[in-house]
Amino acid sequence: MGGCPMINRRKFIKTGSIAAVATALSIDSLDAMANGALKQLTILHTNDVHSQIEPFPMNGSRNQGLGGVARRAALIKKIRSEQPNVLLLDAGDIFQGTPYFNLYGGELEIKLMSEMGYDAATMGNHDFDNGLEGFYKQLPHANFPILISNYDFSDTVMHKSTQSYKIFNKAGLKIGVFGIGIELKGLVGEKNYGNTIYQDPVSKANEVAGLLKKELHCDLIICLSHLGYKYSDNKVSDQTLAQNNDHIDLIIGGHTHTFLAKPQDVKNRAGRITTINQVGFAGINLGRIDYYFESYRGKKLLTSSPYMISDQLDS
Ligand SMILES: [Zn+2]
């Protein structure tokens with residue numbers, strides 16, 4: 001089981017984390033890479049970017065100098081040059097927060113996401129801030145799908161403008177991604193969501209994840225959620241969804257602007273692990289999760305390390 005030992009060996013010494021993962025999966029990392037038994041999928045993600053195109057101004061505030069689309073784009077480009085199997089995802093609230101949104105209605109935000117090569121995004125409550133028409137108007141600028149399973153837009157201008165899920169094929173793996181939104185009533189002005197019908201997020205998520213797993217045979221299922229990380233009352237959150245589902249591997253969350261230094265593993269209804277991650281807001285961070293799949297024994301493992309978007313990346 002040799003392959004090209006020298007090339008692969010060098011690669012391994014440089015990327016120590018893969019060797020550590022192989023050890024954890026109790027497989028020989030050199031053999032695994034050489035014969036293609038170990039596959040890596042890199043998931044990059046943002047949430048609640050809130051129209052933050054430029055870095056925060058240098059005005060003494062806590063976030064001064066952080067964030068900015070130009071730096072995020074450069075980082076994403078660099079990661080893609082190092083890693084062939086990348087998915088770039090966003091968990092909603094693309095809109096609202098800076099004058100760019102007030103002036104241009106979200107056109108710039110969506111165009112820049114298209115240029116960065118986002119693979120999919122879901123909708124947050126603030127994406128309704130210019131009404132359904134306002135969001136609809138920006139869709140021609142999106143070369144990525146808006147995934148949302150539990151908003152029924154049939155009786156609105158958004159009819160057929162979104163998808164429930166999308167399956168991505170990476171490294172011979174099927175990755176099912178779908179979106180779940182927060183209850184709009186009470187959070188968004190009624191005229192801004194019009195005849196949108198909100199469906200129960202947990203039952204809808206189980207329905208879609210079940211379809212992706214059992215009928216469409218996905219190897220990994222990711223939910224882009226704008227429910228929020230957790231609440232002190234019984235409002236449905238990513239915690240609720242994680243505990244009450246059977247098939248979701250990863251929830252990429254938003255809305256509560258929670259920064260998790262590392263993802264949280266939750267035992268789901270089926271006794272397996274659903275992982276939750278969320279990376280703050282305003283594009284200050286880019287989340288990164290790497291999944292490693294061992295094809296023969298069906299094992300998988302993840303590592304993660306979020307990036308901070310700052311001038312430290314410029315050098
Ligand atoms: Zn939100």
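Author: Let us begin with burial: a residue is buried when its relative accessible area is under 20%, exposed when over 50%, and partly exposed in between, with a 1.4 Å probe and protein chains only. Of the 315 residues in the protein, 52% are buried. The model is predicted, so local features need pLDDT of at least 70 and side-chain atom pairs count only at pLDDT 80 or more, while totals for chains, interfaces and linings use all residues. Residues are numbered from 1 along each chain as its sequence is written, and side-chain values use heavy atoms, with hydrogens and water left out.

Reader: Which protein donors does the zinc ion have?

Author: Donors are N, O and S atoms within 2.8 Å of the metal (3.2 Å for Na, K and Ca); water is not among the atoms, so sites may look incomplete. Here the protein donors are Asp 93 (OD), Asn 125 (OD1), His 226 (NE2) and His 255 (ND1), at 2.1 to 2.2 Å from the zinc ion. Along the chain their spacing is D-x31-N-x100-H-x28-H. Asn 125 and His 255 are both buried.

Reader: Why is the arrangement of the 4 donor atoms irregular?

Author: Four donors count as tetrahedral if all angles lie between 85 and 135 degrees; four count as square planar and six as octahedral if opposite donors are over 155 degrees apart and all others between 65 and 115; anything else is irregular. The angles around the zinc ion run from 87 to 160°, which makes the arrangement irregular.

Reader: Is Asn 150 buried or exposed?

Author: Asn 150 counts as buried because its relative accessibility is 0%. A polar atom of its side chain lies 2.8 Å from the backbone nitrogen of Gly 181. Contact means heavy atoms within 4.5 Å; leaving out residues up to four places away in sequence, Asn 150 touches several residues, including Ile 180, Tyr 198, Pro 201 and Lys 204.

Note on methods:
A polar contact is a pair of N or O atoms within 3.5 Å; within protein, one must be able to donate a hydrogen and the other to accept it, and residues adjacent in sequence count only if both atoms are side-chain atoms.
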